[in-house]
Amino acid sequence: MKHIELMDYPSVNTYVDGRKCKHCAHPIADQESKTREFCRKRVFSNGITTDCKEKYWSPQRRIEAQKAKEEAIANALLKEDLNGLEYLNNIQISWNSFVELGLQLTHALKNYQTVDGATFIFNLGYIIINRQTYSVTFKFN
Ligand SMILES: [Zn+2]
C-alpha cells in the first residue's frame, strides 16, 4: 500500500542549503525555518503519523545530550574562572572585592565547609572564604 502525504509541500521549495533531517536524512527545504533540524510531522491518509523529532530524541538520548551540554559548559567556565587572577595568589581580599571579580562559586569542582569557613576547589587552584572576617584568600596550584 502506498502512503500518500496529506501535508502539501509547495513546489517552489529549493534545496540549495543541503540541509537534511537529523533522523532520516530527508532533505529540508531552504524555505523552512533556519532552526528546523527534522522533517515536519507528517500525517498519512491512513491516519499514521511520523515524527522524526520524536523518534530521534529518545528519552535516553535526551538525557545524554543534556548531560554532555552541561559538562561542556562547566568545563569551559572552570578554565576561564581563575585565568588572569594568579596575581592574587596568597592575597586576602574583602568579600566585596571578591564579588566584583564575578567568580562563580558554583563552577567549583568541589567544595567543603569547615568551622570558620568554606573552601572551593577549581582546576587552577582554590579559594578560602573566612566566615569570621568575610575575607577571601586565593591559593593557586
Ligand atoms: Zn526525517
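The model is a predicted one, and its chain contains 3 helices and 9 strands. Followed along the sequence, these elements come in the pattern β-β-β-β-α-α-β-α-β-β-β-β. Of the 141 residues in the chain, 9% count as buried, and among contacts between residues at least 6 apart in sequence, 39% join residues at least 24 apart.

**The five-stranded sheet**

- An open sheet is built from 5 strands in the order β5-β9-β8-β7-β6, and the pairing within this sheet is antiparallel.
- The edges of the sheet are formed by β5, which covers residues 92-94, and by β6, which covers residues 110-114, each of them pairing on one side only.
- Neighbouring strands of the sheet are turned against each other by 20° on average, when direction is ignored.

**Pairing around β9**

- Strand β9, residues 135-140, is joined to β5 by 3 bridges, and the two strands run antiparallel.
- Along this pairing, I93 has V136 in β9 as its bridge partner, while S94 stands opposite S135 of β9.
- Strand β9 also pairs with β8, residues 125-130, in the antiparallel sense and over 6 bridges, with I127 standing opposite F138 in β9.
- The strands β8 and β9 form a hairpin that has 4 residues between them, and Y134 in the turn has a positive phi of about 50°.

**The nonpolar core**

- The largest nonpolar core has 8 residues in all, namely L82, L88, F98, F120, F122, I127, V136 and F138.
- In soluble globular proteins, nonpolar side chains tend in general to be buried together.

**E37 in its loop**

- E37 is located in the loop between β2, residues 27-28, and β3, residues 42-43.
- E37 counts as partly exposed because it has 15 C-beta neighbours inside 10 Å, a count that lies between the limit of 12 or fewer for exposed residues and that of 20 or more for buried ones.
- E37 and R19 are separated by 18 residues in sequence, and their C-alpha atoms are 8.0 Å apart in space.

Methods: Residues numbered from 1 in each chain as written. Predicted model: local features only at pLDDT ≥ 70, side-chain atom pairs only at ≥ 80, totals over all residues. Pairing = 2+ DSSP bridges. Axes fitted to C-alpha atoms, helices over the stretch in contact; angles between N-to-C directions. Core = buried A, V, L, I, M, F, W, Y, C linked by C-beta atoms within 7 Å. Contact = placed C-beta atoms within 7 Å.
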